[in-house]
Amino acid sequence: MWQIAIVLIIYLPLVILAGHYLFRVTMQQKTWLDPVLDKVDGAIYKICGIKQVDMTGKQYVLTLILSNAFMVFIGYILLRIQSVLLLNPNDIDNMEATLSFNTIISFMTNTNLQHYSGESGLSYLSQMLVIIFMMFTSAATGYAACMAFCRRLVAKTDTLGNFFIDFVRVITRVLMPISMLVAIILVSQGSPQTLSSNKTVETIEGKFQDIALGPVASLESIKHVGTNGGGFNGANSTTPFENPTVISNIIEMLSMMLLPGACVVAFSLMVAYRKRKTIFGKQGLSIFVAMSMLFLMGLVTVYVAERTGNPIISELGISQELGSMEGKEMRFGIAQSALFTTVTTAFTTGSVNNMHDTLTPIGGLVPMFNMMLNVVFGGKGVGLMNMMMYVILTIFIACLMIGRTPQFLGKKIEEKEMKLIALCILIHPAIILLFSALAVATTTGVAGITNPGAHGLSQVLYEFASASANNGSGFEGLADNTTFWNVTTGLAMFFGRYLTIIIQLAIASLLAKKMWHGDSVGTLKTDNTTFTILLVAIVLMIGALTFLPALALGPITEHLQIYS
Amino acid sequence: MHKFIENSKQALMITFTMFVLCGLFYPFAVTGIAQGLFYHQANGSLVEIDSKVVGSEKLGQAFTSPEYFWGRVSSINYNVYTEEDTIPNENGETAYSGISSGTFNYAPSNPELKKRMELDITAFLQANSTVKREDIPADLLTASGSGLDPHISVKAAEIQIERIARASGLSLEEIGEIVKANTESRDLGVFGEDKVNFLKANVDLYKKMTQND
């Protein structure tokens, strides 16, 4: 229990520091890396012909999609011809068409759902040129979108910021330096970083063991820093080479928590910017606290559920003092596993340090619910944008109850925005539930289910929640490398990512163009405790109304069954 | 339209620039630094006996002989195989299907989980006749997430000492010392769990046995 608390306490100063840095990078203020990086950025702008011109919201979103489209196209081709390219010491074959489609969408949308296994499915060149490349670019895309969104909320015009500039700055100034540092720490803990091929050794019992090597650490760091989550190896961060020690486990967790939290801090500073200097702006703080409350509720639930263990194993008469250890690693135990599970689904990274399919039913419900809400910090950038939808919705509902004009940061909230917000909040559950319904109604869908009973439905729900929330973890038992699963989850990831970003930026553009009104006595305060509690309540209520029926048929039924 | 073409050009160029920066420069730079600073770890933390590599201290292995510590259940048998495992049967399938990682992914409610554990408990009790059922810690008979876990709990190591002593001819004290030497306590006294690296312990057992011969 203590080890969880200590990690969370270390996180707080780090996130505030990162938030201030992020704010400076976004607002183009001076940072101490400038002397070197200004030259690097300048060179990149020159090569690409990028000029420092401001874009409207519409132009911003179009260039975002355009550049993502080029990356998808070239990445797809690379996967299809990887066997004839360089750096393929383990002689990996080309990737099949639907699997390549799924993989490329998965990495471009920052989801990192993996229907392949890294050791046997990708050459080292693909790991670097497709996977690591996309981990950087998809994270930078999400972050750029988020900052464009936040800037518009506090601006008086819709023409500001340039996608390419934001995109380049976040890679060179934030992602690249942090990833380098984290990668070296991970190597020191025992993550391999080599370009030589896998090794076969003779054991002391005279048998053979294959050892999978590769440039693991460099992928591992950006995987967490960019909240991507796709592993070098099939079993992701459970494997000792991706996550060798408890120290590496903590570093990986902090890496994935750092930037999503920093986004909220940076936003708080943008709001407070108009007034005075502060460490953590009040508006952002109220949102941060709301997210933290949801996070802690989930964390405690997983911890207790996993610590209690599986009653069926207890019945066998062996000692389950350590908790439910099926699918977990001995070096992490319950505390580090429970924390990792909550973090990876709240911050929508999707890497796993234990196998979520084997979690106890209630322990598995929490990660699923985190992804269904998709607002508990969330992936870099987009999580904050999702939460802002709920913030505005909460303001709207609260103002209706007390008969005031809804207003947020000086901008009136009217019919057009509310329609888009309602649409935005509904897309995510619609994708999850409709695709799940399709999967259980078709034989090709059901064929993927590997656990009998209620847990089978959980596997399906989890897969689509993970795809639509752009998380990427899985109830890995699901036999998902089939045309049906590759295509449906590919579409779920695609819509979950781009539809949401388009609508959210449209809302921001609408708000940016509005007149600014000063606060009066009649304005609902959105930066106090009452509002925070109301926000948490609205998030939970909408989440429960949407997903409780499905959850009751899946994990809750399974829980009742194993205890009966 | 002109604007669109210009933007496309920039988008294409930025894609290529990032291929070079993120996809090539970054991993190569990290590889260079890692190989320079942490040569042992960067190449897989390999364990050698008489300059022959026998495994990696980070990865467990499947041990079946009674004179060695047994690890946790692995769905991939720790990527360990014999010559026969690679010879295809009449259907063209091999017992070892190539390098991988993972677990059985049995849900807590899956009857297969109970069946597997029951079989393993019986087998374990047969091989360790002095051990009582309620003394078996669950980590030993549950599958690890990666299938490569190099650790078992301290208790899981202790209950195997008697069997190992009988099979190897080493004394209980000698084996107890090996367990102690390979026990990794919680980092800074708080983080993680107390555990025994059974691969390293087995390497020590091997060395001791060959020494005595």
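Visitor: Which strands make up the open sheet of three strands, and in what order?

Guide: In this predicted model, the order is β1(A)-β2(A)-β3(B), with antiparallel pairing. β1 (199–202) of chain A and β3 of chain B stand at the edges, each with a single partner strand, so one side of each has no neighbour in the sheet.

Visitor: How many bridges join β1(A) to β2(A)?

Guide: Strands count as paired if there are at least two bridges between them. Here β1(A) and β2(A) run antiparallel and are joined by four bridges.

Visitor: How many bridges join strand β2 of chain A to strand β3 of chain B?

Guide: Two bridges link β2 (residues 208–211) of chain A with β3 (residues 80–81) of chain B, and these strands also run antiparallel. Look at Phe208(A): its bridge partner in β3(B) is Tyr81(B).

Visitor: Turning to the contact as a whole, how many residues does it take from each chain?

Guide: The size of an interface is often given as the accessible area lost when the parts come together. What can be given for this structure is a residue count: 100 residues from chain A and 90 residues from chain B. On the side of chain A that touches chain B, helix α7 (residues 163–189) of chain A gives the most, with eight residues.

Visitor: How do the residues of that side of chain A divide into nonpolar, polar and charged?

Guide: The side of chain A that touches chain B has 51 nonpolar, 35 polar and 14 charged residues.

Visitor: Now chain A by itself. How many helices and strands are there in chain A?

Guide: Chain A has 19 helices and four strands. Its radius of gyration is 23 Å, close to the 24 Å that the globule rule gives for 564 residues, so chain A is as compact as a globular protein of that length. Along the principal axes, the C-alpha atoms of chain A fill a box of roughly 80 × 60 × 45 Å.

Visitor: What share of the residues of chain A count as buried?

Guide: A residue is buried if 20 or more other C-beta atoms lie within 10 Å of its own. By that test, 60% of the 564 residues of chain A count as buried. Among contacts in chain A with a separation of 6 or more, residues 24 or more positions apart account for 78%.

Visitor: Which domains does the assignment give for chain B?

Guide: The domain assignment gives domain 1 (1–43) and domain 2 (45–212). The C-alpha centres of these two domains of chain B lie 41 Å apart.

Methods. Residues numbered from 1 in each chain as written. Chains lettered and ligands numbered in written order. Predicted model: local features only at pLDDT ≥ 70, side-chain atom pairs only at ≥ 80, totals over all residues. Rg over C-alpha atoms; globule rule 2.2 N^0.38 Å. Buried ≥ 20, exposed ≤ 12 C-beta atoms within 10 Å, placed from the backbone. Contact = placed C-beta atoms within 7 Å. Nonpolar A, V, L, I, M, F, W, Y, C, P; charged D, E, K, R; others polar. Domains from an automatic or database assignment.
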